[in-house]
Amino acid sequence: MRTSAAQAARQASLTHHQVLSDDGTRLRAWTNDPDGTRTGPTVLLCNGLGTNPYAWPALLDPSCTVRVVSWYHRGVGGSARPSDPDRCGIEEFVEDALSVMDHFGLDRPVLMGWSMGVNTMFELAFRHPERVAGLFAVAGVPGDT
C-alpha cells in the first residue's frame, strides 16, 4: 500500500501520549502539535465514541494552526478498559478529559465536542466552568445519554 505525501505529512503531525486518568485507567491521548509550533488557539476535542484522529483531516494538515489535543475513549484505540466496568460513562469521560488537559498543561482550552463528545464537553463545562474558554458543539445532543 502506498502512502501519499499528504497522508505522510498528516501522520508526521500526530503524536500519541500515555495518560493516567484519576481512577488509574490508562488513556491513549494524541495531539496534532508534536513540536509545539502551532500558533493558533488550543482546542480539546471531546470526540465521539471510537472516533480516531483521522476523522479530522483538516486538523491534521501541517498547515493547520489550531493545536488540537484529544484522547481515545476507554477500551478503544489503545486506551485501556477500566478495572471497574461500571466506570464508562459521561462522569468518567469528564475525568478523562481533565486528566488529558492536565497532562498537556491546558488550563482553559476551547472545548470541541462531536457526537457523544458533546455530552462530555457540556458536562465538563457545567462542572468546571473555570477550566473552559469556549464551546463548539458538532452533531451531538446535550443531555442524558
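Trp114 counts as partly exposed because its relative accessibility is 29% (buried means under 20% relative accessible area, exposed over 50%, and partly exposed in between, with a 1.4 Å probe and protein chains only). The model is predicted, so local features need pLDDT of at least 70 and side-chain atom pairs count only at pLDDT 80 or more, while totals for chains, interfaces and linings use all residues. Residues are numbered from 1 along each chain as its sequence is written, and side-chain values use heavy atoms, with hydrogens and water left out.

**Aromatic pair**

- The count comes to 1 aromatic pair, where rings of Phe, Tyr and Trp (its six-membered ring) pair if their centres lie within 6.5 Å.
- Trp56 and Trp114 form this pair, with 6.0 Å centre to centre and 85° between the planes, which makes it edge-to-face (planes over 60 degrees apart; under 30 counts as stacked and the rest as tilted).
- The two residues are 58 apart and link distant parts of the chain: Trp114 is in strand 5, and Trp56 is in the loop between strand 3 (42-46) and helix 2. Helices (H or I, at least four residues) and strands (E, at least two) are DSSP runs, numbered from the N terminus.
- Trp56 counts as buried because its relative accessibility is 16%.

**Helix 4**

- Helix 4 has 12 residues and reaches 17 Å from its first C-alpha to its last, close to the 16 Å expected at 1.5 Å a residue (1.5 Å times one less than the number of residues).
- Buried residues in helix 4 include Met116, Val118, Met121 and Leu124.
- The buried residues of this helix pack against strand 3, helix 3 (90-104), strand 5 and strand 6, where contact means heavy atoms within 4.5 Å.

**Positive phi angles**

- Most residues other than glycine have a negative phi.
- Ser115 has a positive phi, near 55°, and is found in the loop between strand 5 (110-114) and helix 4 (116-127).
- Ser115 counts as partly exposed because its relative accessibility is 32%.
- Ala139 is not a glycine either, and its phi is positive at about 50°; Ala139 lies in the segment after strand 6 (134-138).
- Ala139 counts as exposed because its relative accessibility is 66%.

**Asp61**

- Asp61 is in the loop between helix 2 (57-60) and strand 4 (67-71), and its 32% relative accessibility makes it partly exposed.
- The C-alpha atoms of Asp61 and Leu14 are separated by 9.7 Å, with the residues 47 apart along the chain.
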